[in-house]
Amino acid sequence: MTVQITEFTNDLPQTDDFKSIVLNQTPLIDVRAPVEFIQGAFNSATNLPLMNDDERQKVGLCYKQNGNAAAVELGHKLVNEQTREPRVQSWIEFMDANPTALLYCFRGGMRSKISQQWLQDAGREIVRLKGGYKAFRRYLIDYLDNLPGLVNQQNVKPIVLAGRTGSGKTLAIHKLNNAIDLEGLAHHRGSAFGRHATPQPTQINFENNLAMALIRFMEKQPKQLVIEDEGRNIGSVNFSKELFECFKSGSRVVVDTPMDERVAITLDEYVIEAQAEYNNIAEWEDFMRAAMQRIQKRLGGERYQRVMSQFDFAMQAQLNQNSTEEHQAWIKTLLAEYYDPMYDYQMQKNNHAVVFKGSVKEVVEYLNDENVKN
């Protein structure tokens with residue numbers, strides 16, 4: 001049986017205006033196989049593959065053994081007219097819902113060009129990314145590499161929002177008009193208990209999302225860049241050394257919150273909101289017990305046993321009385337005896353200048369006002 005190979009129209013449109021794609025959050029059709037999409041993609045992209053994982057693997061093996069022409073022929077044989085129709089239709093439906101959509105594959109080569117041509121044959125024109133995923137990804141990584149210089153060039157003042165665990169730093173970040181939520185991008189609360197029920201992004205996706213967030217942020221010509229006081233690692237993702245040093249180079253603004261408010265904030269975030277993420281309370285309990293075990297050595301034997309006794313009592317109270325109030329006891333113990341000494345040590349060790357200290361409300365007012373004045 002003769003396999004019909006795609007014939008291409010001259011000058012199928014391409015673009016490498018990646019900045020515009022980021023600023024406009026342009027919808028993207030990713031025609032790579034699902035396994036490639038899972039490894040790394042863009043947050044405005046939807047995976048509508050030209051070939052599934054099995055087809056891609058077969059074509060890749062054929063390419064290695066028999067060369068490009070044989071691989072192209074096999075690809076057309078596997079994705080024949082019958083297989084092709086629903087895939088093209090899925091692209092058309094996406095374009096109908098997203099008229100500005102663009103299309104890409106890994107290198108902007110054969111797969112995206114074939115997809116683009118098939119759409120053209122169906123009477124629909126779409127622009128593909130020049131250089132594909134690889135070129136767009138390179139643009140984003142280069143941006144992260146160049147950010148320290150850009151911050152200096154645009155005279156943007158980094159500010160580190162510090163404060164004890166549970167003081168409400170994230171609450172403040174969400175109320176500021178000059179901040180980047182690093183924990184939000186990392187999908188992690190930034191502590192031993194910070195993991196969410198759903199997975200963190202891959203390192204690749206974290207970098208992609210961070211770069212896009214910073215591009216949009218810097219486009220506004222900000223006077224300050226406020227980030228929460230973080231380590232170089234947030235859960236399983238991390239920053240480059242240069243980017244981390246850029247973030248942490250600024251003065252400190254400290255959120256100062258009384259212990260009872262810190263306990264309430266921690267209870268809300270790490271117990272009430274966290275439990276809602278899980279299918280049932282038992283799953284959350286298993287996660288918490290595992291997290292407690294991970295810090296057991298640092299807590300010390302007596303303190304660990306005391307915290308676990310408080311946790312056990314709180315769980316029984318919640319299950320029997322449907323109340324989360326008893327969780328306050330172990331939270332207060334961890335804050336006062338574990339997290340606060342670590343915070344004090346880090347602040348003394350680094351000896352950074354503190355330019356302002358106040359409640360969440362006062363810090364938000366100060367930083368938003370400073371961003372206007374400066």
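## Trp 330 and its neighbours

Leaving out residues up to four places away in sequence, Trp 330 touches Val 271, Met 288, Met 292, Val 307, Gln 310, Phe 311 and Ala 314; a contact here is heavy atoms within 4.5 Å. This is a predicted model, where local features need pLDDT of at least 70 and side-chain atom pairs count only at pLDDT 80 or more, while totals for chains, interfaces and linings use all residues. Residues are numbered from 1 along each chain as its sequence is written, and side-chain values use heavy atoms, with hydrogens and water left out.

Trp 330 sits in helix α16 (residues 327-350). Helices (H or I, at least four residues) and strands (E, at least two) are DSSP runs numbered from the N terminus. With a relative accessibility of 3%, Trp 330 counts as buried; the scale is under 20% relative accessible area for buried, over 50% for exposed and partly exposed in between, using a 1.4 Å probe and protein chains only. Its side chain also makes a polar contact with the side chain of His 327, at 2.9 Å. That term means a pair of N or O atoms within 3.5 Å; within protein, one must be able to donate a hydrogen and the other to accept it, and residues adjacent in sequence count only if both atoms are side-chain atoms.

Rolling a probe the size of a water molecule over the atoms shows where empty space is left. The grid is 1 Å over the protein atoms alone: a cavity is a set of points where a 1.4 Å probe fits but cannot get out, a pocket is an open set with protein on both sides within 12 Å along at least five of seven lines, and lining residues have an atom within 4 Å of a point. Points are joined across faces, edges and corners, and a volume is the space filled by probe spheres set on them.

A search of the whole structure turns up one cavity of 30 Å³ or more. The largest cavity has a volume of about 100 Å³, and Trp 330 is one of its lining residues, along with others including Thr 165, Ser 191, Phe 193 and Tyr 270. Which helix gives most to this lining? It's α16, with the largest share at five residues; α12 (259-277) also supplies at least two. By class, the lining has seven nonpolar, three polar and no charged residues. In that scheme Ala, Val, Leu, Ile, Met, Phe, Trp, Tyr, Cys and Pro are nonpolar, Asp, Glu, Lys and Arg are charged, and the others, Gly among them, are polar.

The largest pocket comes in at about 1,300 Å³. It is lined by 49 residues, and the closest to its centre are Thr 165, Glu 183, Arg 189, Gly 190 and Ser 191. Thr 165 and Ser 191 also line the largest cavity. Two or more lining residues come from each of α8 (169-173), α9 (182-186), α11 (241-248), α12, α13 (281-294) and α16, with α12 giving the largest share, eight residues. The lining divides into 13 nonpolar, 19 polar and 17 charged residues.

The second largest pocket holds about 710 Å³ of space. Of its 25 lining residues, Met 51, Val 59, Tyr 63, Met 110 and Arg 111 are the closest to its centre. Helices α3 (53-66), α4 (68-78) and α6 (110-121) each supply at least two lining residues, and the largest share, seven, is from α3. The classes here are 13 nonpolar, seven polar and five charged.

Glu 36, in helix α2 (residues 34-39), counts as buried because its relative accessibility is 8%. Beyond four places in sequence, Glu 36 is in contact with Arg 56, Phe 106 and Arg 111. With Arg 56 there is a side-chain to side-chain polar contact of 3.2 Å.

Tyr 139 belongs to helix α7 (residues 132-153) and, at 25% relative accessibility, counts as partly exposed. Tyr 139 touches Phe 18, Lys 19 and Ile 215, sequence neighbours within four places aside. Phe 18 is 121 residues away along the chain, yet the C-alpha atoms of Tyr 139 and Phe 18 are separated by 7.4 Å.

## The sheet

Five strands form an open sheet with parallel pairing, in the order β7-β8-β6-β11-β12; two strands pair if DSSP finds at least two bridges between them. β7 (179-180) and β12 (354-358) are at the edges with a single partner strand each, so one side of each has no neighbour in the sheet. Strands β6 (residues 157-163) and β8 (residues 224-228) run parallel and are joined by five bridges. In one of the pairings between them, Val 160 has Ile 227 of β8 as its bridge partner.
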